[in-house]
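Hi,

Here is the structure I promised to pass on. Have a look first, and my notes follow below.

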Amino acid sequence: MSLFDFSVNPPQPKKKPKRLTKHGHTRIDDYYWLKERKNPEVLEYLKNEDLYYKKVTSNISHNADLLFEELKSRIKQDDSSVPYFFNGYWYITRFEKEKQYPIFARRKKTMKHPEEVLFDCNELAQGHSYFDLKSFSVSPDNTKAAFGTDTQGRRLYRIQIKDLITGEIRAFKVENTNGRGVWARDNSHIFYTKKDIETLRAQEVFRSNIELPDEQPYSVYFEKDETFSLFCSSTKSRDYILISSTSTMTTEHRFIKSDKPLSEFELIQPRVRGLEYFVSQYQEHFYILTNADGAKNFKLVKTSISYPLKENWKVVIPHRQNTLLEDVDLFKDYIVITERRIGLSKIRIKRWDETEDFYIPIKGETYCIYTGFNPQFDSQKLRYGYTSMVTPNSIYEFDMVNKTTQLLKQTQVLDEVFNPSDYMEERQWAIARDNAKIPISMVYHKKTQRDSSTPLLLYAYGAYGHTIDPGFSTNRLTLLNRGFVFAIAHVRGGEYLGRKWYETGKLLLKKNTFYDFIDCSQFLIHKNYTSADHLYACGGSAGGLLVGAVINQAPELYKGAIASVPFVDVVTTMLDETIPLTTSEYDEWGNPNDEVFYEYLLSYSPYDNVKPQDYPHLYITTGLHDSQVQYWEPVKWAGKIRQNKTGNQAVLLDINFASGHGGASGRFNILKEIARQYNFLLALENKV
């Protein structure tokens with residue numbers, strides 16, 4: 001007997017056929033009109049969807065409340081970060097009991113000095129259903145802070161200046177930015193990036209003198225190429241300010257000395273399609289992580305700041321076929337390198353004088369290790385983080401001279417019965433249809449019997465070269481303690497196995513991402529970890545695209561699926577250059593104005609390939625103010641699946657009317673969203 005209440009009929013959007021013709025091919029979109037954000041009929045329909053969701057889940061809504069309390073009970077509410085020292089102050093982020101948002105504070109010289117609250121986000125969030133403080137940047141003289149806030153969820157931030165001496169917010173205000181202000185050495189000029197209000201592309205860098213609020217902002221650089229976006233930053237030494245132009249597969253950087261804010265930016269290396277390079281600075285050199293000259297897994301080069309063109313680049317760490325060079329962090333005496341091999345990251349430490357070259361010791365096959373925030377250039381101590389699927393996130397400090405390690409903090413799990421030894425983690429390798437080996441990271445309670453009756457939640461992302469590392473989740477314990485197995489399929493499109501792993505899961509090879517997920521699902525069923533009656537698919541955004549494509553192609557493998565803010569109307573979105581992010585995404589998905597890419601995208605686009613068949617139970621989320629996957633994509637998709645599905649499967653659409661792509665703001669509101677998703681899974685397993 002279903003725990004969902006199907007006595008109420010689902011809302012069905014009116015059919016208003018729209019003919020969409022491209023390359024001589026015509027598609028009919030019955031629900032195209034749902035993108036009319038200001039149409040009262042659209043808002044009324046969304047409200048009906050919300051009402052339907054609440055009615056269908058009314059029998060289990062109380063359990064969602066209980067799950068929320070369970071999730072909430074595990075977190076330390078009065079928690080704080082590990083303090084870090086920078087430019088004369090110790091900085092700390094902390095939470096207070098029952099409060100949603102963080103408090104950012106600092107103490108001068110020592111942690112015994114009285115605390116100075118920089119930003120109490122709980123106060124700033126008052127009166128807003130959504131709030132995000134993007135970042136803040138303190139001026140070199142420590143007297144002012146530039147900070148960016150978003151109160152809608154569309155990632156359009158307002159930059160303001162707080163006087164840290166008086167506590168007052170100055171009159172200076174800039175709208176529609178990416179939220180980050182970069183200070184010049186004079187403590188008066190800041191640089192920031194503004195976005196186009198329609199496409200949300202970060203397209204122009206401005207310079208302002210905050211001491212002259214009536215002076216017009218000066219446009220430093222405008223990015224004409226619509227496939228590129230801009231980002232402004234400073235080097236670790238704060239000696240240089242950078243403007244970075246980035247697309248999916250090409251980058252370009254400009255620089256000035258931060259003590260000369262009125263000077264013209266100089267190019268490091270002009271853009272060349274396919275050339276990626278990322279810049280750090282040490283003394284009189286730029287250190288550049290790049291894929292130049294066929295270095296798919298990247299290499300490290302250096303060049304004189306006076307002569308930065310590619311022709312002057314000299315190799316510091318060469319390219320290696322089996323090792324991905326992920327990151328570098330520069331210190332006065334050391335260079336710290338993050339590498340990945342066979343899916344596993346390692347931290348390598350090398351002295352500038354080349355007298356030492358070693359790795360931080362580490363064991364295991366499902367862990368995640370990463371360098372933390374290390375703002376102090378003249379330091380012999382490295383902050384790094386470690387987690388695994390059974391180990392809570394841990395922050396360590398490694399003394400690079402003495403080679404000693406100190407645990408600074410491990411995330412507390414406020415659960416009296418939690419013991420890491422009660423859980424098992426492992427990595428398996430599925431064989432894909434083209435014989436590629438697909439890694440799967442898994443975790444489960446040691447008492448869980450893995451067989452055909454075991455519920456298993458399989459998650460993947462698989463895009464942009466973004467690697468999903470196997471880390472710990474206190475929330476996930478709710479499922480593991482109820483007999484679930486949780487697994488991550490490291491499918492192509494991510495970079496878990498190096499750059500080639502990404503390149504064979506994008507553009508005209510994108511279907512490998514979906515095939516890998518399906519083949520991992522079949523592997524887990526074949527190995528008797530679960531069965532099709534208890535297997536669930538999960539993904540968000542580009543991972544939601546994966547879920548949509550997979551359940552079109554192999555719906556019989558899954559009992560249910562969760563698609564969070566899913567990118568499912570691929571062809572229509574990629575043909576609309578007015579929609580945020582479209583033009584910058586051509587190198588990831590392909591440009592459908594090219595007929596070859598049009599046909600390929602059309603062949604897997606989830607919305608375009610919905611057909612009459614038995615679909616899994618489906619839980620879909622969206623935010624009304626989503627700037628990355630507009631709300632109408634999941635809304636249209638839900639309506640079309642309901643029209644076509646041949647069984648009595650639940651198709652639930654959970655709409656957040658106050659959020660964007662990242663979901664709810666506030667740590668407790670986020671837990672409520674997770675509780676509803678877990679409630680969906682547990683109801684299907686009759687574990688409510």
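This is a predicted model: local features need pLDDT of at least 70, side-chain atom pairs count only at pLDDT 80 or more; totals for chains, interfaces and linings use all residues.

In what order do the four strands of the open sheet come? The order is β22-β23-β24-β25, with antiparallel pairing. Strands here are DSSP runs of E with at least two residues and helices are runs of H or I with at least four, numbered from the N terminus; two strands pair if DSSP finds at least two bridges between them. β22 (324-330) and β25 (357-359) are at the edges with a single partner strand each, so one side of each has no neighbour in the sheet.

Residues are numbered from 1 along each chain as its sequence is written, and side-chain values use heavy atoms, leaving out hydrogens and water.

Now the rings. There are 36 aromatic pairs (Phe, Tyr or Trp rings, the six-membered one for Trp, with centres within 6.5 Å; planes under 30 degrees apart are stacked, over 60 edge-to-face, the rest tilted). One of them is Y101 with F131, edge-to-face at 5.8 Å between centres and 85° between planes. Those two residues are 30 apart in the chain. Ring pairs also link F4, Y53, Y619 and F680 into a cluster.

Cheers
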